[in-house]
Each structure stands twice: as structure tokens, then as C-alpha cells.
Amino acid sequence: MTALLSEELHRIAPDIDLTDIDRSEDLRDELDIDSMDFLRLVTALGKRLNLDMPEADYDRMRSFDAMLSYLQARGAG
């Protein structure tokens, strides 16, 4: 799951070295992405994993680690 998330993040922010980010901090701040980029990330993950990721859950996906936990809790990967 980590590799899949990293791959999708790299598509959104190709210039960012993911080893340099704080995985517990807000993805938007760490990657300097906006809400549209975040939406593209969630949409791409949802399509790849065939998983509904409603907007009501976005707060549970704010950081890299939180996103991983969310995906694992939803049964992805």
C-alpha cells in the first residue's frame, strides 16, 4: 500500500522526494499541493483500489500515515 500511495503522490508532486516529508504532517503542506491536487489524489486512489472515498472522510486522510491507516482500515491492500 505504501508503494501505491507513493506512486500516486509522485504523480501529483513529481519534484518532491517523499523520503524528505514528515509522514505525520498534512500532505497539502508537506507537498505544497492545493485542494484540487488532493482531490485528484483521492480520486486516483479510489479508482485504483475500487474504493469509495467520500469527502466526509478527507480529514482522516490528511497525512501520509493517516492516509495509509485509512486505506488499510477500509480493506485496501
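Predicted model: local features only at pLDDT ≥ 70, side-chain atom pairs only at ≥ 80, totals over all residues.

Residues are numbered from 1 along each chain as its sequence is written, and side-chain values use heavy atoms, with hydrogens and water left out.

**Stop 1: helix α3**

Select residues 35–49, which form helix α3. Helices here are DSSP runs (H or I, at least four residues), numbered from the N terminus. The expected span is 1.5 Å times one less than the number of residues. For the 15 residues of α3 that gives 21 Å, and the end C-alpha atoms are 21 Å apart, so the two agree.

Go to the start of α3. A side-chain oxygen of D34 comes within 3.1 Å of the backbone nitrogen of M36. This is a polar contact (a pair of N or O atoms within 3.5 Å; within protein, one must be able to donate a hydrogen and the other to accept it, and residues adjacent in sequence count only if both atoms are side-chain atoms).

Now move past the other end. N50 follows α3, and its phi is positive, near 50°.

**Stop 2: the buried face**

Which residues of α3 are buried? Select D37, F38, L41, V42, L45 and G46. Buried means under 20% relative accessible area, exposed over 50%, and partly exposed in between (1.4 Å probe, protein chains only). Show α1 (2–12), α2 (27–31) and α4 (64–73) as well: the buried residues of α3 pack against these helices.

**Stop 3**

The whole structure holds 10 salt bridges. Each is a side-chain nitrogen of Lys or Arg within 4 Å of a carboxyl oxygen of Asp or Glu. R48 is partly exposed at 41%, while E8 is buried at 5%.

**Stop 4: D57**

Select D57, buried at 14%. D57 meets R60 in a salt bridge (3.8 Å, N to O). D57 also meets R74 in a salt bridge (3.8 Å, N to O). Since D57 lies in the loop between α3 and α4 and R74 in the segment after α4, this pair ties together parts 17 residues apart in sequence. Both arginines are partly exposed: R60 at 45%, R74 at 33%.

Note on methods
Helix = DSSP H or I, 4+ residues; strand = E, 2+ residues; numbered from the N terminus. Contact = heavy atoms within 4.5 Å.
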